[in-house]
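Subject: Structure for your files

Hello,

Here is the structure I said I would send. My notes on it follow below.

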Amino acid sequence: MPLSMLNNGEENVIKKVGGKEEVKKFLEGLGFVKGSVVTVISQTGGNMIVSVKDTRVAIGKDMANKIMV
């Protein structure tokens with residue numbers, strides 16, 4: 001399921017990062033790589049703040065839909 005489906009406080013492992021090659025590279029640069037643990041900190045209006053590799057990152061719903069957990 002996509003990362004955008006997780007609720008606040010939920011933790012899961014990234015299974016796949018989708019999208020075009022440039023989107024994949026961008027997300028990998030932020031730490032969204034297969035096997036990483038990601039935790040949802042908060043969600044507001046479709047935007048999310050997540051914790052990945054001990055870093056908090058804000059992403060939009062469109063990006064969160066490309067990350068499968």
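**Strand pairing**

In β4, T39 has S51 as its bridge partner. Strands here are DSSP runs of E with at least two residues, helices are runs of H or I with at least four residues, and both are numbered from the N terminus. Two strands count as paired if DSSP finds at least two bridges between them.

This is a predicted model, in which local features need pLDDT of at least 70 and side-chain atom pairs count only at pLDDT 80 or more, while totals for chains, interfaces and linings use all residues. Residues are numbered from 1 along each chain as its sequence is written, and side-chain values use heavy atoms, with hydrogens and water left out.

β3 (residues 37-44) also pairs with β1 (residues 11-13), antiparallel, through 3 bridges; N12 stands opposite V38 there. Between β3 and β4 (residues 47-52) there are 6 bridges, again antiparallel. The hairpin of these two strands has 2 residues between them, and G45 takes a positive phi near 55 degrees. β4 is joined to β5 by 5 antiparallel bridges, with I49 partnered by A58 in β5.

Taken together, 4 strands form an open antiparallel sheet in the order β1-β3-β4-β5. β1 and β5 (55-59) are the edge strands, each pairing on one side only.

**Helix**

F26 lies in helix α1 (residues 21-30). The residue F26 is partly exposed, at 48% relative accessible area (buried is under 20%, exposed over 50%, partly exposed in between; 1.4 Å probe, protein chains only). F26 and K61 are 35 residues apart in sequence and 15 Å apart in space, C-alpha to C-alpha.

Regards
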